[in-house]
Amino acid sequence: MESAKALRILWPLGLILWTGLILLLGYQQQQHHRQAVLDMARAEAIGSYNKDLVYRRWVARQGGVYVSTSAYTPANPYLAHLPERDITTSTGKPLTLVNPAYMTRQVHELATEQYGNRGHITSRKPLRPENAPDAWERASLEAFAQGVPETLSVAEIDGAPYLRLMRPMITEVPCLKCHACQGYQAGEQRGGISVSIPLRPYQAIQAQLTRLGTIHLAILWLLGLLFFLYFKRVVDARIREVEQARSAVEQSERKYRLLFNEMEIGFGLADTASGEILDCNPCLARLVERSPAELIGQKQSILHPEATTPEGLTEDFVARRQAPQGNILNAQLLTKSGQIREVEIQTRRLELDGRQLFLGMFKDVTDLHAHARQSFLLLQAIEQSPIAILITDLQGVPQYINRYFSVQKGYRLADLQRSDNPVHQFLRRHIADFRQNGAATGIVPADWTEERLAQRKNGSTYWERSSFSPVYDQQGQLSHFLMLGEDISDEKNSALQFEYLATHDSLTGLANRLLLHDRTDQAILKAKRQRQQVFLLLLDLDRFKIVNDSLGHDIGDQLLLQVAERLRGAVRESDTVARLGGDEFVVLFPEVNSDATIVDLAESIRRAIANPIRIQQREILVTASIGLSQYPAHGDSCAELIRHADLAMYRAKESGNCLCSFDPAMDQRMAETLEIESDLRYALTRDQLLLHYQPKVACATGQLIGMEALLRWRHPEKGLISPALFIPVAEQTGLIGEIGSWVLDTVCRQIADWQRNGLQPVTVAINLSARQFERADLACQIHDQLQDCGVAAGLLEVELTEGLIMKKPLAAVQIMEQLKQYGVRIALDDFGTGYSSLNYLRRFPLDVLKIDRSFVDDLGEDRSAEAVATSIVSIAHSLGLQAVAEGVETEIQLRFLRQIGCDQVQGYYFHKPLPVEAITELLARSQQG
Ligand SMILES: Nc1nc2c(ncn2[C@@H]2O[C@@H]3COP(=O)(O)O[C@H]4[C@@H](O)[C@H](n5cnc6c(=O)[nH]c(N)nc65)O[C@@H]4COP(=O)(O)O[C@H]3[C@H]2O)c(=O)[nH]1
């Protein structure tokens, strides 16, 4: 291409050169013609000269010739000295001697006349004037004198061009005849002969030659021009061809470069031997977060993280790369930021300019692989999902079912595609409905769910929650439907179970509080409409806690179960028996219309419960306290009726009546209790608590041998409040801990005070509540307190109830043993009211058994009470314990107790609990006596 371009530039130059050459040739030709013409003229001049010379010599040798004397040839005066200048012929004709010069001159004149040629004999010393040289001849003569043999030049003569030639004239011997007189000698140059040849004829020839030559050259130049034009055309065509080819190549290059650069597939070209990257497109560079410039010239290891070969390729990669027709390789690329991209490389081996190349087409399949993995995962998840999955076409014909579907229903896909298959029919029907609804409303519902009893292939049924949802394709067109079938049999059963549990008491199966509320509210609504009454009985088993604590929870539970059974049996279907928790039961009577009837019903319930209950070979006697409330008189909500029945039940318990109907005054008492609760918080800090001490006397002698500290609360408005009223409140609120510590502290100080005052202290008993007994460090606390006050441990006795110990017998034993270790005495209070295991009793480190007041009360009246008291004393003594009877009010009771050998007694018969001053006085008196 470059040479073609050069030719394009050179051809005008060639043309110029060609023209110059032709012009040069023309010039040379012209010069040549001119010279040739001059040479011809010179040859003619030389010829003419030679002929003159010959004629002269010939005449000279003759000594002159005689010619007739005439006017044309008169006698030569210059030859007058010659004797025989003139002669007469025998016939008388006069002849005169003509010398060579004369003859030559006349020949010259004749030649000039006839041919135009001129001749002139001249001399430096001419005899005749006409022989005198002209200027050119004179110059020639001088040149001859210098030794120049010939002069030649073109000169104008009479306005015409002539070639003038002149040669010297040498004196020869014959010449001396005439010229000796002039003093010439032979051999001497005496002048010259000039010849002038007219050049016009020659110039005509020259012009002719020049014309012909010019024509030839012109033709030649034209031929040359034609050649050049043809050459230019050929070159132009070639250049055009080349340019077109180049343009096509460039266009193609641009096109392919553009494609190469814009391709969304990475291209890389590498040298197979060295592994050098020779080229790459931006897509490949982008793939590894680099620019093409960063890659080109680098080893392929820049791309491949695990390059193990010198070229930077893994061995496996190289092995597969060897396939001549290329291969598709899965490889990993390393990005600039250190990320790994997964690629699919389509490889080709190429040979270019003798180099083995490797072309790789890189497709980033990281996302594709991730997507494929995810799709596979999804497919696996769907296939292995523990839920039945089915996909139908728009007509409801199943297209896919997962494994669980087949397992659960026993159908294969082919079964479901048969139109007589029940699932097939179900799907078609539902999908048709679904689409119809969508068409009607213009909105395809997102999904819908239904719970139904589905059938398996084997005919068995189960509860299924089927949810249908539309599936849209990539264009957003509804394409399929998805059905998820979930076996909810367990859920259904659980829901029923849950509902049952939520509304029933787990132990007895009776209605629970929730169901009771629901039924009561419904009953109230109905009663409201029908202007009727609703009655609600609340039962609390008396001393159930003692049964539970002493006989164990299993027996307690069985007791509750039997009570529940009896209650159920005592009422009608329309009535509701509920358990509120613990030993509290409620019976709802929605259809009783008279007070008399409800009292009868309550009585029958009480009787039903009062029958001895047999559990594990034990006969247990249970009584119930019953509170009664009614709609509309006592409230119009379940909560209110329960609350009021509860208050009534408490009243029944307190009063010993088994049935008590709610009275609005009870609300007042409840309010008072609440007041106590809030006031008790300040009782300690405001110094409202105090202790009274009830003496214990020896049964036999009546001597004061001990006392029990009993707590009192002097309320600023309500006066002295019984501990029976506020201790339970203190226990509930947790204040008992603080109060108990105060009692212990006060008692210890009091003993120390008596000691300081010289009184012989007696054992003082304090009551411990259940909450106090829960403290693991109780024994330490008591021990520290005794030590702080300097009181001997034996002067303190703690009274524990059976229920308190039996709650956690092992922990109780530990605390008791610790107390025992310190020397503190332990009494078991209210003995006989609970169900203490004698086995346990044996293991408790007790000192005293206290016979409960309820047995003491009936002594002398009730044989069984007497028997119990007798047994307790006997047990106490057989275990090495002392027996103490509390609540002794009468002589009869005292006498009986003395009879059975009871050790100590305590009761109003001797002393009521006394304020500290009174007891101090009594103590002093007793010691004085
Ligand atoms: N009808 C009658 N009653 C008699 C007779 N002799 C004594 N009593 C009363 O019987 C209760 C005996 O106390 P308890 O069984 O330990 O029963 C005590 C005890 O369990 C508890 N209590 C009293 N003080 C404390 C205390 O400081 N701490 C704890 N935790 N409880 C205490 O309060 C209960 C009631 O105490 P109090 O009202 O003082 O009632 C005392 C006492 O006044 C009698 O001949 N006839």
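## Helix α2

Helices here are DSSP runs of H or I with at least four residues, strands are E runs of at least two, and both are numbered from the N terminus. The model is predicted: local features need pLDDT of at least 70, side-chain atom pairs count only at pLDDT 80 or more, and totals for chains, interfaces and linings use all residues. Residue numbers start from 1 along each chain as its sequence is written.

Take α2, residues 100-115: its 16 residues reach 21 Å from first C-alpha to last, close to the expected 22 Å (1.5 Å times one less than the number of residues). Its buried residues (20 or more other C-beta atoms within 10 Å of their own, with C-beta atoms placed from the backbone) are Pro 100, Ala 101, Tyr 102, Met 103, Thr 104 and His 108. Gly 116 follows α2, with a positive phi near 90°.

## Helix α15

Six of the eight residues in α15 (544-551) are buried, so the rest of the structure largely encloses this helix. Those buried are Phe 544, Val 547, Asn 548, Asp 549, Ser 550 and Leu 551.

## Around the ligand

The ligand has 22 residues around it, the closest being Leu 711, Pro 723, Asn 767, Gly 907 and Tyr 908 (a residue is near if its C-beta atom, placed from the backbone, lies within 6 Å). β26 (704-715), α20 (723-733) and β28 (763-767) each supply at least two shell residues, and α20 gives the largest share, three.

Note on methods
Buried ≥ 20, exposed ≤ 12 C-beta atoms within 10 Å, placed from the backbone.
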